[in-house]
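Colleague: I am new to this structure and would like to learn how to read its features one at a time. Could you take me through them slowly?

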Amino acid sequence: MTTERTTLLQRIVIGTVFLFAGLLFLRHVMPERHDTDFDIAAFLALPVQDGGRVKPADTVARTTLLVIANRTNVRDGDERLSAAEWFTEFALNPARAVERPVFRVEHPEVMGILGIPADDRMYVSLSEILPHFDTLRSQWESIPGESQLRSSYEAALAKLRDAIGLYDSLSHAYTGPPVLGRSDTGLRMLRRALRDRADHDPDSEEALTVENALSLFAGNFARAARSTVLATVPPPDGGDDPLAEWSNLGSVLLEATKTGNLDPLAVTYAEMAAAYRAGDAAEFNSRVDDAANLLAARGHAPGGKIAFEHFFNQFSPFTYAAVVYLLVFLAASASWIVWPHTFANTAFWLMATAFAVHTFGMFAHAYLMGRPPVTNLYTSAIFVGWGTVLLCLFLEKRFRNGLAAAAAAPVGFCTLIIAYHLSFTGDTVEVMRAVLDSNFWLATHVPTVTIGYSANFLAGSLAVVYLLRDRIFGGLPAPSARLLEGMVYGVVCFALLFSFVGTVLGGIWADQSWGRFWGWDPKENGALMIVLWNALILHARWAKLATPTGIMQLAIAGNIITAWSWFGTNMLGVGLHAYGFMDAAFFWLLAFVFSQLACIAVGWLPRLRLFNRGGDPEPQTDTPGQLPGHTTAG
Amino acid sequence: MKAIHQFFSSIRLTVLLLAVSTVLVFFGTLDQVHFGIFHTQQRYFESLFVVWSYPVQWPGHELLGWIELPLPGGYLVGPLLVLNLFFAHFRYYRSGWRKTGIVLIHAGLVLLLVGQLWTQLRQKEYFMWLAEGQSNNYVESFHTDELVVIDRSDPDRDRVYSWPVEAFSRGQTELRHPGLPFRLRVVGYAQNAAIFPLDQGPPNTPDLNVTRGIGADRNLTFIQIAPTFREGERNVTTALVDVVTPDGPRGRWIVSNVFRQRDPMREFFPRQTFEIDGREYEVALRFERRYLPEPVKLLEFRHDRYPGTDIPFNFSSEVTLGEPGSDNARRALIYMNNPLRYDDLTFYQASFAEGDTMSMFQVVGNPARWIPYWSTLIITLGLLLQFGISFVSRFYLAPAGRPTPASRDNTTSPTRRTTARQPAAGPLQ
């Protein structure tokens, strides 16, 4: 081991890395810029009610695009629209929006129905779909109800059906349905009719004509009221009661045909849309202001929590953290080839940066939910990665050598990618079902079990680093090997403690709520398997039944068991914990299992030691080689 | 003898049993998809042996359907683990405060396993449907049925004679009781049955010669079909019974657990009654009941949803316990995560029906429910103690930078070494 001096080159390289991370951070944290005079950000900051809670329209914009397009922006030829820009157009100028290719079609045969060459592209617009709607509808009828039974063609069809349904359910949130084929003059005609009715003697022939026209309008409005889920008009006296139900535009217009009173908010929305279509930015911006004031008067000012959610959406802390975790992994791996200390330090500080942003994101999300950090599968993915990185930071703080960073960064990255894909199903800030409504247990049982997952993944990941380096890349010097053995041992002990306590707390919750401690529910069984496996690893080590390589292989098998417990059990669709079957996830779970089996098999390879550099940074600590649980005998 | 002792006390056995348990739990989870939780639990965790076979529903069943995996069941693995723990304890235990944690952990584990066994043997699960304003003094079993004869001659209280149906699935066909002037003869029994009118059945449908009750009125017959074990489904347990007095047979009835007098969203059936010696009796095959000391009455069921969605915000049922108007009647509110505990039973809010006017409670009786609390406390204490001792000895007692004496002990035999090192190598040292 040679001592290292920081050279100019090193400073430049490290400086560039941190500059990149810093600039990326600025890009995330700065408000999104729209290349237009229209104050789109202000429009998207307006609160709406959707999915049982009040949120900024921005959240609806992003989640909708994620669900139907699985993307965060729209590419239409050379034009590129952010989710915010697309949604504004979709909400206020639907006639233009139907031309935007936003529907992701995942099967060539579905493309075939639409008459589009399969290899051409993956995105189609509503205007391309509509001519083939009858064919699609007849195909939809044959889709099996249970998602497990669908072929990939049927799954793609079902996905398109759901996307069109979602699109439709949001279409009339700000602009009323077309009246007599005209979507732009609807409001004017409605107001005229209402005025005429008020002006005429109810028994006169004119009044009768007006009534007829209004009932025609009413039919359209009633349809829109039924199909629209996005509610944009709060009750005048609802205040901040979370259960106060907002109205959608269709029902407000329908109400107006009966009472003659048109809600001023509906008028403002219509004027806003007219200004947007006319390209009058100044008028649009002032109407958005009006709408904000009207909403504020009903107890829903677009500030406070709504504004924070808007900021949180565009900051998108988890995307940032994921990118930086990737950098951490590169830096940590580089430390084994060149400049061990410099790169190990770089990895550590990058990791600390990513972790800070990850932590902020997690607690911000919890604040928006008004719940403890882990409440659903999405948040559990966020938390598992967070826990792994937290544990790794403790290890790296003590043994600054990039080993733990290289193990934890992929876990952090992958869990955030998993979370991103889980968000394709809709808004991640979900309202809680009554069955889970217990903040005490959500704050104790769930995080404890989830930290157990984190620890298991960290142990498994450390073991992968151990085997890959020992057998294939570079070879593992004895001190590093011993250090890793100690780390894996310590982390498995930690995992056992948390998995056990978490599982049992779950049992106590079950007893408190349902009168039984243990029900052999798949999720409970999964947790039990983790506890059993951790105990097995520890006993095998104490009794010297396995070599260090064997222990590593067992720890990697722990990855498989943990992934099964976390995701596999949810795919069974059985029991009280079955909160979501995901068919695509099954493929990835299998892929993960095979990758881990391959890593286990690496343990039986002869030592290849490609790219042998000869050494690792010595742990920068006063007790070299000493780690909880480390023993000298192998 | 020594070999047996060696075998039962070895840590190899511990590791083997832990591995087998993991595999058992895994397959016991997989099979729940096809057999439901209850049946799988019985097959895997309340048995000595179980054979897992490649599910018919899986892809490639034509080729791989022959695959079968025999496994030891929960009633074999659990006791072996306990034995192993005891033997290992007496083989390896050396007194000393450093071992306290390990002992506590293992003692707690034994308690937990014993408690689980006790629970599995004694836990009963029932349900109770109540409409608003209705009261009920019994709960009904989720899984077991009983054949009953009810003597209704006393206006104040009914006298119920009950036989579990397991008796006649084992072949017992003559049911008598000294209080009854007749006996029941079970001439047909189906754990799960299809019941249909005789003239609508396939050709060669057997005529069961039913002479009395619903079966005679509607000209019914039944055939045995494969029992279901799926979650949420229940077998249509059905029997064909003759009532026989010393003077001779008095008729033949079909009794079935679907002939219910009340249930949400289901047909109502009349009671099947008959008279002997001037007394009226009812015969029925029904979900096994457990009677409560006092009736439970549902006053109001509430169900709020998040605005604009069908996602439940809360459910709650307001009930009273005890005879209405009596002094000791009490009110209780049952809602999610807040069950009612009464008469050693736990009533929790499970479902609702009929436009939010009916409420279902799941009712669980578990005599061992306190055991997990104690064992958890003991194990957690043990883990923390072990952690604390090791942490303190590692970071404060041992000189920095050098291995502790225990970890340099390489001279003893492998198993001895393990024990000698246990204090230094316990969880999270």
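Modeller: Let us begin with domains, whose bounds come from an automatic or database domain assignment. For chain A the assignment gives domain 1 (40–171), domain 2 (186–301) and domain 3 (440–606 + 621–634), and the C-alpha centres of domain 1 and domain 3 of chain A lie 39 Å apart. This is a predicted model, in which local features need pLDDT of at least 70 and side-chain atom pairs count only at pLDDT 80 or more, while totals for chains, interfaces and linings use all residues. Residues are numbered from 1 along each chain as its sequence is written, and chains are lettered from A and ligands numbered from 1 in the order in which they are written.

Colleague: What are the ipTM and pTM of the model, and what is the mean pLDDT of chain B?

Modeller: The model scores ipTM 0.83 and pTM 0.84. pLDDT is the predictor's confidence in each residue, from 0 to 100; its mean over chain B is 82, and 89% of the residues of that chain reach 70 or more. Over residues 398–429 of chain B the pLDDT is below 50, yet this stretch has 65 contacts in the model beyond near neighbours in sequence, a contact being two residues whose C-beta atoms, placed from the backbone, lie within 7 Å.

Colleague: How many helices and strands does chain B have?

Modeller: Helices (H or I, at least four residues) and strands (E, at least two) are DSSP runs, numbered from the N terminus, and chain B comes to 11 helices and 18 strands. An open sheet of 4 strands in chain B has the order β6-β7-β10-β11, with antiparallel pairing, where two strands pair if DSSP finds at least two bridges between them. Its edge strands, β6 (174–175) and β11 (248–256) of chain B, each pair on one side only. Between β6(B) and β7(B) (residues 183–190) the antiparallel pairing runs over 2 bridges, and L175(B) stands opposite L184(B) in β7(B).

Colleague: Is W520(A) buried or exposed?

Modeller: A residue is buried if 20 or more other C-beta atoms lie within 10 Å of its own, exposed if 12 or fewer, and partly exposed in between, with C-beta atoms placed from the backbone. W520(A) is buried, with 22 other C-beta atoms within 10 Å; this residue lies in the loop between α21 (478–514) and α22 (522–542) of chain A, and has a positive phi of about 55 degrees although it is not a glycine.
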